[in-house]
There are 2 protein chains.
Amino acid sequence: MPRYRLTVEFDGTPFVGWQRQDNGPSVQGALEAAGEALTGAPAPVVGAGRTDAGVHALAMTAHIDLRKPFPARTVREALNAHLRPAPIAVLDAEEAEEGFHARFSCTGRSYLYRLLARRAPPALERERVWHVPIPLDEGAMAEGAKALIGRHDFTTFRSVHCQSRSPVKTLDEVRIERAGDEIRLHLAARSFLHNQVRSIAGTLERVGAGAWPPEAVGTALSAKDRAACGPVAPARGLYFAAARYDSSA
Amino acid sequence: MPRYRLTVEFDGTPFVGWQRQDNGPSVQGALEAAGEALTGAPAPVVGAGRTDAGVHALAMTAHIDLRKPFPARTVREALNAHLRPAPIAVLDAEEAEEGFHARFSCTGRSYLYRLLARRAPPALERERVWHVPIPLDEGAMAEGAKALIGRHDFTTFRSVHCQSRSPVKTLDEVRIERAGDEIRLHLAARSFLHNQVRSIAGTLERVGAGAWPPEAVGTALSAKDRAACGPVAPARGLYFAAARYDSSA
């Protein structure tokens, strides 16, 4: 079966998440249905990452296996036509290199987390940001985030439902940027634990609010205890930003 | 009646426009209902500009007259509470200076128009941008826009429903900016004709697409003929960006 590599943008609001599930519409399910509508045969889809309900993607990489070959441009156009009106857009499709696998070949993942720190609720970005009705000190957040960079046991920042064999991950980047009332967290790693980004975002929010001193982040990390984590930030502020594929992947 | 100056953000998608109308919900009507819920008396609202159905605002200035005085902070909080769940947010409220009128005191208005120029439809910004499925040359658009700067008879770029006494307006700025696949038009003037920004955006899109040479914009302007205008760009890409009040207004 010919395999295509897809770059996918989606609004996670109406979905139960990336992964196909019995309890509602999923992004993976919508892409597979679009592939099946094109070819008349099952069209399995695999993504670089799995996202929870309400989480968005700026550029998720996925692959889709089709029963027969089409020009890559046709794949993109046909999938977008069949996806309508779901808020999923195939930005790019190309023939996958031999052996390419969206999940197993992936060597880096990055996420964006958006917080809107102002008193008034968001009118335009309602399902796109976490509304925090108090000022946040992004300098303190950046100071606190430093403790997280590098290879650590991230048990504190891991969902109890996480299925990863090990809690040890290497966080390559936590960059914090302000744009007006908005604070943007940029995180990058080879891979993440379940809820790791939202757990970190919720903890750094406590630091930005002044409720936790910056050094409390390192203390929470060292505790290796889920109970030491700040509140988990809501899904609506989280975006799968990009997947990286190094070497001849 | 004490008057308050409001700064209002709204998502125009569910509204018939700014102005109260019989055929559906309006932003003005929602603000007046919120003011009446606070005071138990009619609470007339006037905005710096009137926007059409589907047009958004980043920061519309308005005033509201309340039957009795409240701390400005209470006005903002109470209006936001009563506005819920409408996608309207009062970003700021302050006691208006003596003689302040959101419309008549206004000395400058600015608009933002957002075009998304890429093949794939928008998934995240669906009701927030005009999707143009072809590449646009922003340099050509900027070149064409030059002819519009200054004082001109804008009959070409004016809705047939425009109620302005004169078609002569002074356009202070048309700035064109690219951010990835997005082209943003920034326009500023003391005041605008009905549909002027959308008429200009639709005409500049034709230039960006290569369908019109840049010099055709000046030719269209000189024609002083509505028929010489390009297509009117859709409401969803338009944002009332800011109102200016100079001097002691």
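Pro85(A) sits in the loop between helix H2 (72–83) and strand E4 (88–95) of chain A; helices (H or I, at least four residues) and strands (E, at least two) are DSSP runs, numbered from the N terminus. The peptide bond leading from Arg84(A) into Pro85(A) is cis, with omega near 0°. In chain B, Pro85(B) is placed in the loop between helix H2 (72–83) and strand E4 (88–95), and a cis peptide bond with omega of about 5° joins Arg84(B) to Pro85(B).

This is a predicted model, in which local features need pLDDT of at least 70 and side-chain atom pairs count only at pLDDT 80 or more, while totals for chains, interfaces and linings use all residues. Residues are numbered from 1 along each chain as its sequence is written, chains are lettered from A and ligands numbered from 1 in the order in which they are written, and side-chain values use heavy atoms, with hydrogens and water left out.

Another backbone feature concerns Lys224(A), a residue other than glycine with a positive phi, near 50°. Lys224(A) belongs to the loop between helix H5 (216–223) and strand E10 (238–244) of chain A.

Helix packing within the chains comes next. In chain A, helix H3 (residues 138–145) packs against helix H4 (residues 196–208) at an angle of about 130°, their axes 8 Å apart. Axes are lines fitted to C-alpha atoms, for helices over the stretch in contact, and angles run from 0 to 180 degrees between N-to-C directions. H3(A) and H4(A) are therefore oblique to each other (angles under 35 degrees count as roughly parallel, over 145 as roughly antiparallel, 65 to 115 as roughly perpendicular and the rest as oblique). The crossing of H3(A) with H4(A) is right-handed, that is, the near helix is turned clockwise from the far one by less than a right angle, anticlockwise being left-handed. On the H3(A) side, Ala140(A), Met141(A), Gly144(A) and Ala145(A) meet Leu204(A), Glu205(A), Val207(A) and Gly208(A) of H4(A), contact meaning heavy atoms within 4.5 Å. These residues comprise 5 nonpolar, 2 polar and 1 charged (Ala, Val, Leu, Ile, Met, Phe, Trp, Tyr, Cys and Pro count as nonpolar, Asp, Glu, Lys and Arg as charged, and the others, Gly among them, as polar).

In chain B, the axes of helix H3 (residues 138–145) and helix H4 (residues 196–208) come within 8 Å and cross at roughly 130°. The H3(B)–H4(B) crossing is right-handed. Ala140(B), Met141(B), Gly144(B) and Ala145(B) of H3(B) make this contact with Leu204(B), Glu205(B), Val207(B) and Gly208(B) of H4(B).

Chain A is divided into domain 1 (3–95) and domain 2 (108–244), with bounds from an automatic or database domain assignment. The C-alpha centres of the two domains of chain A lie 27 Å apart.

| Parts | Residues in contact | Buried area | Share from carbon and sulfur atoms |
|---|---|---|---|
| Domain 1 and domain 2 of chain A | 16 residues with 16 residues | about 1,200 Å² | 54% |
| Chain B and chain A | 27 residues with 27 residues | about 1,900 Å² | 53% |

In chain B, Arg119(B), Ala123(B) and Leu124(B) lose the most area to chain A, together 33% of what that side buries.

Note on methods
Buried area = accessible area lost by both parts, 1.4 Å probe.
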